[in-house]
Structure formats: C-alpha cells, structure tokens
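Please look at the sequence and the model first.

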Amino acid sequence: MGALLAFRFALVFFVFSVLSLTATSSSVSPQDLQIVSAERRIDLTSHIARVFLTLKVENTGASPASEVLLAFPPTQVKHLALVKAAATVGKRKKKSYVPLDVSPKVLPDAPNEAQFLSISLRNPLKNGETVLLEVLLVLTHGLEPFPAEIGQSESQLVYYHDSAIILSPYLIKEQTTYIKTPSNKVESLTRVEPTNRVGTEIKYGRYDDRHPYSYAPIIVHFENNSPFAVVEELVREVEVSHWGSLQVREHYTLVHAGAKHKGIFSRVEFQSRPGFSGVSSFKNLLARLPPRVHSVYYRDEIGNISTSRLRTDSLKSELEIEPRYPLFGGWKATFVIGYGLPLQDFLFESSDGKRYLNFSFGCPLAETVVDKLTIKVVLPEGSKNPNAVVPFVVKQHLETMYSYLDVVGRTVVVLEKENVVPEHNSPFQVYYDFNPIFMLAEPLMLTSAFFLFFVACVAYLHIDLSIRKS
C-alpha cells in the first residue's frame, strides 16, 4: 500500500513538473525581445503632451512572442490619458495600419516601481522576425508652470519632465528623441550628449545599445502661452424623443489651469495692448458641433451670453464662444450650451429590431482636457434593456428621470470617465428596445384629460343644484 502511494505521488509530481516546464518554455521573457530602432517625437505645442513612438521590435528568443511591453515611470502613469497602438503592414504607398489591443500588465520584479502596458500582437512574432509598431501616448497635466504665478503682461513658462532615454524592459539598439516646443524661446534644458536644438525642435541622440530600464532624466523649461483650458466637470444631457428631435444640454465648469494670475487685472491695459497684455490668457473657445444643428443657445447663471458666433455647413457646425471676461490662470467660468439636432441623423434600427443612438463621446470644445465627464442619455418612456457600447473603458449605471406627463419615468444611461482628451471624441452607441405603442401614451393621456374636463363641464351645466320645495 505504501509503495502504491509513493508511485502515485511520484506520478503527480512528474506531471506537475512537465506542465510547469511547458508553461515556462512557452512564455517569453523581456530578454527574448530587442528593439532594433526607436524614434520618439514629443509634441509640446499645447498644454496636452502627445508622444509618437515608432518601434521596430525583433524576437531573438526561441519561443514566439505574442506581446510587446511599454514601460512608464510611476510619475508619468497618472498623467496618461490615452494609449493607441498599431502594427505597420506593407511599405510606402501600400502601407496600412492594423490596430492592436493595449492593456495593463503587472510585472512583480519591475525596478523602481515601473508600470507597464501590454500591446497584443495579431500574429505571434517568431524567432528572427520583426514588427514595426506605431504608438500614440496622450498625457495631461504634464506641464508644470514655473513660475507658478505671473503678472498680467508676463509670458507663461513651463517645465516638462521626461527621460532622454526611452524607458523599456528591452535592449534598444539605437534610438532618437525629438521634442517640439511652441516657440524657440527655451529658457534651459538638460543636455545628455549628443543633444542639439534647432528652432523649435530639440534632438536627443542618437543613443546606441542602451540596456533595459536605462533612464536619463531631463527637464525642459520653455515658453508656452497656449490656452490651458481644462473643464473640471462636464455634464452632457442627450434627450431622445421619437417625435423627431434630439435635445442636447452641456453644463461646463471651465478653468484656466496655467500659471495663476498675480496682482490686479487692468481692463484698460488688456484692451489697449492686446498683443502684449494677457498673452497667456484666453477669451474665446471653439466648440465643434454636429451638422444641421439648430436652436443653439449659450448662457450662464446671469442669463444669455450674446458673444457667440455660429458657422454651419453640410459637414460640420462651429460655435465660437466668448466668456463674459477673459480667463487668466486660476480663473473659472461656468456656462451652458444647448442645441437641437434632427433625430434621423443619430437614431437607427439594428438588424435584430433594437433601436440605437449613435452619438459622439468626449467634449466638443477644441483642445480641451476634461477632468470628469458625465454623459446622460435620456431614453423615451417605455424603453427597455438599454446597453451602451463605448470604444474604451467607462463607468456605467442607470437612473430614472421624470418629466412632463411621465408615468413610469424615463430610463437614463449614465456614462462617466475621467481624464478625457480630444482623442476620445469617438462615436458610441446606446441600444434599447422600444414598443411604438408607448408613443401614443402622452397623446392619449392629453386627449383623455381634455375629454374628462369637457364631460365635467357639460355635467356641471346640466345639473341643477338649487334647493326647491317639494
């Protein structure tokens, strides 16, 4: 009996060892990949930093690789708003891009608390094969104003922190980094030779044979007077009516997130010297609205704001708005933009009989960061089984709203997302079931109310309530 138990234990141990060995041999360590060439272009011309990465990755290991890792320092991850990756297929005129999935990845032995994202390849990369990847990184709140406070006539200077060497878990054979600034006014920069600056472009590299997790911190101090427009909170209400209209109301809490204004604001100086006074402030914004927009209004707590201009054509609508006062660093403004849209441009019916709303996510204001975005899609009364399809991760929940003549209330699909940038302006869909009989509910309710009212009037006129002697 003891020999039988020992044999079973040895058999189980052997199977477990084989499975472990198989799992280990099928996984690919970072040492099995290397980056043959890397080019990084960092665009700092606005308050939103955009990083364009071109990576040529080669598999030098024996096992096929199904993913490529991107490494980030912990201080940069909190500013990361969007990551897109694509594989380049073909050459020159026949070149095309295949989108790839990007997801978080945890490596327990990562040095200096580095964090990772995993790019999933469509086809496993075999030994000796290469793949060309294009990666877009969008970062917000990554430019630090310095000095933190400036006067009305001073230009705004900002710090940008990064590394001259691309942080990566792989060996990089050769790499180059380019940083583009809004102007050629650069106060100072960290030099990691070879470093060169020509006009508005700073070049770091070429650097050869950099080992994994190499890092060379740099600081660039430069002038940036672009509008630091940040919407602290935006609530977009999209109300669907099957009677032919789509009503949109947008509630904004806007702030200038640049260097705070110091001293007293002089309206006379601001208007008499427009090219010099208030160069870091902004007094107008552009909202890109859908085509065929109508019934547009722009107001705040005081009332209607008349300083707005609407331009429309068959492809787009642009609303240029001006707050009641120019916005300097730290100043805020709250306002509401509302408009109507034809329902047939946005509401459709799927092949399975469901109705769905196809609308744009994000913020209509150009080149604006939204710290917290809430989209409320108000469906008609009687809608059932709502389901939202969004091309990125958002928080979702349902609410119920009551309006005029509602009995059971209207279903509201609520979508919430933080750190929203213009690249999030993508279409999303809300699917739901709807019985057309519910469209007759309110007309029948009104008809019944009027009918009962007239019946009550006729009855009152024909009833004799006087007291008579019998």
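Phenylalanine 361 is buried, as its relative accessible area is 1%, and phenylalanine 428 is buried at 0%. Buried stands for under 20% relative accessible area, exposed for over 50%, and partly exposed for values in between (1.4 Å probe, protein chains only). The model is predicted, so local features need pLDDT of at least 70 and side-chain atom pairs pLDDT 80 or more, whereas totals for chains, interfaces and linings use all residues. Residues are numbered from 1 along each chain as its sequence is written, and side-chain values use heavy atoms, without hydrogens and water.

The structure holds 16 aromatic pairs. Rings of Phe, Tyr and Trp (its six-membered ring) pair if their centres lie within 6.5 Å; planes under 30 degrees apart are stacked, over 60 edge-to-face, and the rest tilted. Phenylalanine 270 and phenylalanine 328 form an edge-to-face pair, with centres 6.0 Å apart and planes at 65°. Phenylalanine 270 belongs to helix 3 (residues 267-272), and phenylalanine 328 to the loop between strand 22 (317-321) and strand 23 (332-342), so this pair ties together parts 58 residues apart in sequence. Helices (H or I, at least four residues) and strands (E, at least two) are DSSP runs, numbered from the N terminus. Both phenylalanine 270 and phenylalanine 328 are buried.

Phenylalanine 361 and phenylalanine 428 also pair edge-to-face, at 5.9 Å between centres and 85° between planes. They are 67 residues apart: phenylalanine 361 is in the loop between strand 25 (355-360) and strand 26 (369-378), phenylalanine 428 in strand 30 (residues 427-433). One aromatic cluster consists of Phe265, Phe270, Tyr325, Phe328 and Trp331.

Two pockets are compared by volume and lining in the table. A pocket is, on a 1 Å grid over the protein atoms alone, an open set of points where a 1.4 Å probe fits, with protein on both sides within 12 Å along at least five of seven lines; lining residues have an atom within 4 Å of a point. Grid points are joined across faces, edges and corners, and the volume is the space filled by probe spheres set on them.

| Largest pocket | about 840 Å³ | 25 residues |

Closest to the centre of the largest pocket are Ala81, Leu82, Val83, Val102 and Phe392.
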